[in-house]
Each structure stands twice: as structure tokens, then as C-alpha cells.
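Q: Please take a close look at one part of this structure. Keep it brisk.

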Amino acid sequence: MSTNLVESVIEGLKTWARVNSPWVIHFNSGSCNGCDIEILATITPRYDLERFGIKLQGSPRHADVLICTGPVTRQARERLIRIYEQMPEPKFVIAVGSCALSGGVFDGLYNVAGGIDQVLPVAAYVPGCPPRPEAIIDGVVKLLSSLQQPAPETAPAREQGATQPVYEGEAI
Amino acid sequence: MELGPVARVWHQGVPEMNPIVALLIFPGGLFVLTLGLAYEWVDRKLLARAQNRVGPRWFQPLADVFKLLAKEEVIPNDVNPLLFVGLPIAALAGALTAALYVPIFGLAPAYSFEGDLIVTVYLLSLLTLCMGLAGANTLNRFALVGATRTLTQLFSYEAPFMLALLAPAFVAQTWQISAINSYASTHWLIVTQPIGFLVALIGLMGKLELPPFDAPEAETEIVAGAMTEYSGRGLALFRLGKGVEMVVGLTLVAAFYLGGIGGPLDFLLKTGALLIAIVIIQALMTRLRIEQTVGLWWRWGALLVLVQLLLYILWEVVTA
Ligand code: SF4
């Protein structure tokens, strides 16, 4: 009984810390750069994401959230997967922009593998071409509030083989 | 030392405390860790205000540390796993041990002996040394560049910083931190040794790798410097160590130059004032390249402190 209590307190603490301190890393897997500029605008002092504890990190080893922009080109696919694999658990992916959602205007091109969810398990989708900083912040906050529910369906888990890319085509 | 009645009771209260409690919970251990997190928050919040931002919430450093502790720790290929796991522990242990020799929160130091100043200065360097080794232990090129810069910077600010802390020791004619502290409570050394104070304060910023001395962890060039490969627990311990080092460093500078630390209020006011000064310098300056940092310390820092020492010796000779 008391061990259960201790465990639930520790679990609660972990969730609280995770929700309040998401460090993000940003990866462009083939975007036209429009979305990236919006992401950079999002982390400027005007929007001040540090008040949510959000910090942009350079190293995948420090990050909790991978923010992806653009469709996945076949050339960037391997790198995207590698960056994702370098992040320590627990980790989440946010797809930002119409192209990251479905391939957008690049859909069907010979060199494009599709949206981010063709390669990685995505936890939150932020539509727009490009989405405004407010929309990106909203996406991150929605993802964080979904963490507070007991077992979010979208949470990826390495042991379930969720990181296995759906798309199996040949890289160019 | 001349103490008020409250401060006297406060000072005598410590030896009666259970040594385990003193070591792990109140003046040492947990208390210093909490203080380190609080000072980190003040630093980040004030910096955010200086940049016209709202800044982090008060529990932000705590949430960061908890989250990192709960994360997976990835041990990369081709590192020495023992060193990879052990170095963060050694770094934090060094910083926490250094906290036992300084008047934290205005209390008398838990341990004190003739020469503890030297021990403390070396214990403070242990953290930087561990960070450098941790970066050099991995094969990551960013971590290697970061490690080189960390160690280069260590060798540039260390001598001036040490000289700046030795100058008060010369005047007080003792190598004991508590004795210098009580000497300083009657002599505001910032008035007689302004150069030493400046060098000590800016040397502390170099030690903590705060801007403008953040070339070793320049995130726009070398990702996260020596810390690039660390995730989870190791990173959390290094961050905690940095916080503790900040508290210990501020306490040392305040005790030596700002008229000693006689009680808790004294401690909060004086270290707080120093912290604000550090934040202002951080907000005003941009990052120096590593060779600019080295040049600054050896051409100006070390030289100025030596000149000040020379002046002091001349003064002694003339007045003798
Ligand atoms: S969603 Fe629009 S702005 Fe973003 S990458 Fe696609 S085309 Fe560019």
C-alpha cells in the first residue's frame, strides 16, 4: 500500500517535471524554409517560450520534443531517423506545417517519401502553410496537456517497434 | 569577529547540530542544492527581464532537474562507461565539498583549517576539470572542441581568479576562509582593492561559463560543448554542480570583498547584489572568442592583479 503511494507520488513528479520542462530540437527534413522561419519566430523574446519551460537545444541528447518541418525527402529520411534514435526516452515528435502533415505541395514527387508520420510516430500535428507561432505554441501546449492523461495513445515506445519507419522505399 | 547577538547565537548553533544533518541537509547537502537552483532561477529570470521577456517560472530549474533525472541515460559507443558515469558524480561531489569550507548562509563553515582557501579553490576547479574530461571522453567532435575550450578557459581564468582571492589573504595574513571573513567584516576590501574585486567577480563568471565567457558551450557553434553527449542523469548532476558552484563562488567573493558575511540576511543581500551585477554584465556583453578570453585574462586580468599586489607590497614597505 505504502509502496504504491510512493510510486504514484514519483510518477506524478515525473509527469509534472516532463510537462513543465520540454526541451525541443528542430529538424528540417525538406521544408521550403517557411515553417523554419516561423519556428525561429516562435522562440524569439516576443513569444518567450521560456515561461513554459520550453528551451531550444542543439543536441538531440538533451531534447524531449522533436519539431519536424517539411516533407521527408528520401535523402533526409535516414538523418531524421538517426536524430530521433539519438534522443533519450521519453520523446515526442511534433509535425509542423502542411508539408510535414501530408507532403503538402511536394506530395507525389519522386524524391519525397511523404509526411513525417510515414517515418516517425507523430504525437501532435500543427497545420498551416506556414503555421503562425501561436499555432505552434498551441500544438506544443496540447501535446503537453495530453501527457497528463494516464496513457496517451500517441506516446511512442521503442519496444513496440514504433520507431520502425513505415516507409520502406530505397533512399537516393 | 564582531557579531551582533542574533548572529552570535546563529554561529554557535551549528556545532551542536548532528554532523550527519549538517553534512546532508542543512548547511551542506540538500540546502546548498536548493540554494543553487534558486540562484539559477534568479539568474535566468533577471536575464529574461533584461531582455524584455517574462522569464521562467520559479520552479523551472527544479522541473528541469527532475525531468533530466527521470530520463533515459544514453551511454554512447566507444566511451569509457566508468568515466562517463563517474565524472558527473565527482563534479557534484567536488562542488558540494567546497560548500563545506565557506560561510554558506552566514553560518560558520562546517570545516575550517589553516589553508582551506587553497583547498576550496581547487575543489571549485574540479567541476570544470570533470566537464572537460567528460567531453574528451566521448568521440563526438562537438564535445571534443567543447572540452578543449573548457580546459583552455580553465587555464586562462584560473591564475587571475586565484590571485584575486589571494590578495585578501595577504592583507588578512591568513589562509583560512573564516579568518579572512572576520577580517573583512571590519575592512571593506572592495574599497582598497577594487581591481581584485573586479577580477574575482569576472573570474567567477568565467568559471561558471556565463556569457561573455560561454565559448565552451556556445550553442550556435558547437551544439552544447562538452555536454553534447550527456543526457538524463549525467546532465542533471552537472547542472546541479554548476548551481552549487555559483553559490560557493558568490559566497567567497562576497565574504572577501564585500565586508564579510556575518548572518543570513548579510548573506542574501551581498550574494544577491553580486548576482545582479553578474546578470547585468551577462545581458550587456556578447560572447568572446576563445582566444579573446585567453588574451583578456593573461594580458589584463593577471597583470592588473599583480600590479595591485605590487602596490600593496610597496605600501607595506613605505609605511613600515
Ligand atoms: S507547409 Fe508551407 S511553409 Fe511549410 S514547408 Fe510546406 S510549403 Fe513551406
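At what angle do helix α4 (residues 60–70) of chain B and helix α12 (residues 233–257) of chain B pack, and how far apart are their axes?

A: This is a predicted model, where local features need pLDDT of at least 70, side-chain atom pairs count only at pLDDT 80 or more, and totals for chains, interfaces and linings use all residues. Residues are numbered from 1 along each chain as its sequence is written, chains are lettered from A and ligands numbered from 1 in written order, and side-chain values use heavy atoms, without hydrogens and water.

The angle between α4(B) and α12(B) is about 150 degrees, and their axes lie 7 Å apart. Axes are lines fitted to C-alpha atoms, for helices over the stretch in contact, and angles run from 0 to 180 degrees between N-to-C directions. Helices are DSSP runs (H or I, at least four residues), numbered from the N terminus. The pair is therefore roughly antiparallel, a label for angles over 145 degrees.

Which residues meet? From α4(B) come Asp64(B), Val65(B), Leu68(B) and Leu69(B). Their partners in α12(B) are Arg233(B), Leu235(B), Ala236(B), Arg239(B) and Leu240(B). Contact means heavy atoms within 4.5 Å. By class, the residues of this contact are six nonpolar, no polar and three charged. Here Ala, Val, Leu, Ile, Met, Phe, Trp, Tyr, Cys and Pro count as nonpolar, Asp, Glu, Lys and Arg as charged, and the others, Gly among them, as polar.

Chain B also touches chain A: 30 residues of chain B are in contact with 25 residues of chain A.

Technical notes:
Helix = DSSP H or I, 4+ residues; strand = E, 2+ residues; numbered from the N terminus. Parallel < 35°, antiparallel > 145°, perpendicular 65-115°, else oblique.
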